[in-house]
Amino acid sequence: MTRRHLLGAAALVAAAGLALAGCTGTSSGGETPADRTLTVAVGTPPVSLDTLKAATGVPGTWFETPAYAAVLTRDADGQIQAGLAEKWGYVGDGNTEFEFTLRDGLTFADGTPLTATEVADSLTYFTATTTGPTRAYFAPMTFTAVDDLTVHITSAVPNPIIPDMLTVGLLGGAPISPAGIADESARAGDTFGAGQYVLDTAQTVSGDHYVYVPNENYYDQNAITYSQIEIKVIPNPQQQVQALKTGQVDAIVGDPSIGGTVTGGGFQEIHQPATVYNFYLMDRDGKVVPALANEKVRQALNFAVDRESIAQAALGDYGTATDQTAIDAGPASGYDAALESVYGYDPEKAKQLLAEAGFADGFTIPATYLGFSPTDTTIAQAVASQLAEVGVTLDLKSEPDFGSWVNDLVSGNYAATLLTGDGSQMYINAQFAFTPNAVMNQFGVSDPALNDAFQALATATPDQIGAAAQAVNTVIVDEALALPIAANQSIIIFNGDKVTPYYLGSTGELAPIETWPLK
Amino acid sequence: MLRLILRRVALSVPLLLVVTAVTFVLQSLIPGDPARSLLGPSATPEQYEALRQALHLDQPVLVQYRDYLLGVLHGDLGRSIFTGEDVAGTLAVRLPVSLSLIIGGTVLALLVGVALGVMSATRGRALARFVDVFSLVGGALPNFWVGLVLAAIFAVALGVLPATGYVPFEFSPALWAQSLVLPVIALSLSGIATIAKVVRDGVQGAMAQDFMRTLRAAGVPRRVLIWKHALRNSSVSLVTVVGVIFVASLSGTILVENVFVLPGIGSLAVTATARQDIPVIQGIALAFTIVTIVVNLLVDISYALLNPKVRVS
């Protein structure tokens with residue numbers, strides 16, 4: 001082969017490459033007005049598409065909300081609105097009886113009629129079978145079809161947020177079709193709802209990308225905005241940014257490492273406090289660590305950590321130091337700005353309280369955390385370092401996977417754990433971490449003041465909920481039932497020339513992706 | 001030839017057994033609990049035990065392995081613990097992606113590596129030095145880093161090729177090829193460097209042989225000397241290297257697929273390992289082993305075709 005031949009071959013390869021690029025050149029942000037597709041990127045695939053096993057929050061529910069319509073919905077301000085049901089409300093006082101009436105003529109995506117019987121069956125099945133994070137909230141409820149369109153709910157314990165639980169956010173309020181209920185294994189990789197879209201299994205590659213196409217049987221065809229929704233799994237945040245910049249995706253779930261790095265060219269960013277990093281002090285009866293039974297000791301731990309510096313180190317501009325497990329997300333969260341000043345960074349005060357409690361020489365707390373998360377690792381180690389300054393040893397166990405962490409949690413060997421908590425609803429927050437049967441209360445500790453405040457919240461009328469939730473929050477903070485560190489922000493970075501993601505006004509919850517307006 | 005093939009196939013059976021057994025034992029030693037991962041802390045103890053039984057995680061490892069082997073013999077690779085999908089079906093969807101990438105990378109490495117090797121053997125010292133440096137650098141640069149740099153230049157800065165994603169061939173051959181350009185280049189770089197060096201050394205050695213001098217004296221053109229006689233003389237070592245590169249690409253594709261977000265076996269391996277999705281991990285190990293066996297068989301057949309002594313032995 002001569003040099004001329006080689007140069008010719010090289011030119012051929014280059015030309016082929018350019019031709020390929022030219023065939024369908026990727027756009028760098030701009031899309032045609034006729035493009036009615038929405039493509040978003042997330043970092044991890046869903047644990048399962050089954051609503052009984054799926055994660056709540058963002059982006060967990062992104063895989064569910066397009067395909068599963070809920071009994072009730074929220075408007076842009078976060079207020080409860082009609083969904084599959086057009087009428088709803090509590091029956092009598094006490095927040096234990098509730099009833100809703102469905103629209104007439106509804107069907108599931110597969111064409112099966114969707115009447116009160118199917119909805120009651122789905123809710124009953126969900127309550128009895130789910131292993132997801134919302135199991136405890138649904139467990140006390142029973143569901144009965146009163147007639148073709150009316151479902152009656154009876155709750156064994158007062159529940160002031162039944163309407164919220166019937167929205168899609170907690171998953172149970174979104175009915176599963178009879179075919180879905182009959183085939184548990186199929187639900188993991190397909191959808192069986194009555195939502196605006198259905199999963200297109202032919203175009204979907206599980207774990208890589210999920211494609212949703214319009215549901216021809218959805219009751220309100222005018223509400224369907226997109227001709228296709230695709231959720232791509234792109235593990236690395238930097239790759240997500242590249243995909244966004246090159247127009248391959250329209251929006252990504254950001255994190256502090258990429259927040260603020262995508263600017264200009266129509267790209268925008270929105271963010272909102274979403275969760276709180278808490279060290280849950282589970283062993284408050286002192287079975288593993290006797291010192292933790294002492295309120296002064298728990299308060300001392302809260303005085304010993306410099307939340308501002310930890311929030312800055314772990315979350316940068318997207319972290320806010322807080323000593324509350326609640327976030328500022330409307331009255332139901334129970335957030336109280338006045339409580340932010342209860343525990344300032346005061347190591348001397350911490351030492352004094354430890355001495356008064358009889359633990360001046362310190363003690364050791366075995367604690368576990370999700371070591372595969374860099375942010376969790378930073379926070380856990382920083383807290384351990386600062387507690388050591390007042391003589392308390394946080395004996396950390398870093399777990400490489402979620403299953404190992406759960407094993408630690410249920411083992412009863414660990415007195416504390418670091419985890420993000422959803423602080424937007426105190427009724428849920430308390431049942432997640434502080435009431436006797438709470439998931440994050442593995443030692444089953446019962447706190448009389450907390451129980452009384454929670455009972456008042458559970459029976460509160462809508463206009464009493466704000467004050468009742470704050471009362472619960474006050475007990476949690478004053479008795480130092482947890483060691484909150486920092487509020488973490490949800491970050492969405494998107495192509496503003498294409499879509500407009502938004503947070504719901506009163507709750508701060510991110511609107512479901514299928515409701516994002518198309519430009 | 002047939003005997004050779006049959007002997008190699010027969011030898012691959014114990015290899016498959018050993019690989020699947022080792023994979024089973026190793027994954028059983030990994031800390032963690034897929035049932036806990038799937039259920040989370042909210043599940044009741046009864047739900048947890050029921051799932052462990054359903055997934056046969058309550059059985060001893062040997063029993064699990066026996067059941068797995070019986071399933072494999074019946075063509076059943078099991079179902080993903082998390083997605084519930086048939087593992088064989090999942091591999092069937094993802095294997096073409098990985099093979100497109102690996103075959104593309106190997107072919108590119110072969111074409112460019114041979115061209116560079118021959119040029120450096122026949123065109124003087126400067127090019128030989130370039131190949132030396134290129135071999136060193138190409139072998140040292142991690143393919144995922146090369147991939148990130150290529151994406152930053154050709155996708156983000158120039159906007160001519162996609163940064164991520166894969167388009168099936170049947171959907172659009174042009175988009176399919178476009179989606180593979182950068183990953184194939186990233187995967188092939190170290191192979192190009194290795195092949196260029198092997199070919200250069202082989203061609204240089206062959207050119208110094210007595211028979212080449214005879215051919216040259218007989219008036220055989222230089223082009224024929226190089227491309228027919230010298231290259232063929234070094235083809236056995238070249239085939240060996242290509243086989244090794246192909247097999248090494250199986251592991252290389254894990255990182256490259258993750259960089260370019262390609263839905264192949266490599267990215268599936270990462271997800272399945274992180275979740276301890278045992279049936280999927282087993283399926284991937286089996287698929288990789290079979291591909292390796294097939295490649296080695298092809299290499300052996302190539303030896304026999306290229307070297308009559310092998311056929312005789």
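**Packing, burial and cavities**

Author: Helix 2 of chain A packs, through its buried residues, against strand 5 (97-102), helix 3 (135-138), strand 6 (141-145), strand 7 (150-155), helix 5 (178-182) and helix 6 (184-187) of chain A. Buried means under 20% relative accessible area, exposed over 50%, and partly exposed in between (1.4 Å probe, protein chains only). Helices (H or I, at least four residues) and strands (E, at least two) are DSSP runs, numbered from the N terminus. The model is predicted: local features need pLDDT of at least 70, side-chain atom pairs count only at pLDDT 80 or more, and totals for chains, interfaces and linings use all residues. Residues are numbered from 1 along each chain as its sequence is written, chains are lettered from A and ligands numbered from 1 in the order in which they are written, and side-chain values use heavy atoms, with hydrogens and water left out.

Reader: Which residues of helix 2 of chain A are buried?

Author: An α-helix has 3.6 residues a turn, so residues three or four places apart point the same way. In helix 2 of chain A, the buried residues include Ala116(A), Val119(A), Leu123(A) and Phe126(A).

Reader: How many residues of helix 13 of chain A are buried?

Author: Eight of the eight residues in helix 13 (residues 426-433) of chain A are buried. They pack against helix 3, strand 12 (267-281), strand 16 (416-422), helix 14 (448-458) and helix 15 (465-478) of chain A.

Reader: Is Thr322(A) buried or exposed?

Author: Thr322(A) is buried, its relative accessible area being 3%. This residue lies in the loop between strand 13 (319-321) and helix 10 (347-356) of chain A. Contact means heavy atoms within 4.5 Å. Apart from neighbours within four places in sequence, the contacts of Thr322(A) include Val276(A), Arg307(A) and Glu340(A).

Reader: How many cavities of 30 Å³ or more are there?

Author: A cavity is a set of points, on a 1 Å grid over the protein atoms alone, where a 1.4 Å probe fits but cannot get out; lining residues have an atom within 4 Å of a point. The count is three cavities of 30 Å³ or more. The largest cavity holds about 150 Å³ of space. Its lining has 16 residues, with Ser206(A), Ser80(B), Thr83(B), Leu268(B) and Arg275(B) nearest the centre. Helix 12 of chain B gives the largest share of that lining, four residues.

Notes: 1 Å grid on protein atoms, 1.4 Å probe; cavity = no way out; pocket = protein on both sides within 12 Å on 5 of 7 lines; lining within 4 Å. Points joined across faces, edges and corners; volume = space filled by probe spheres on them.
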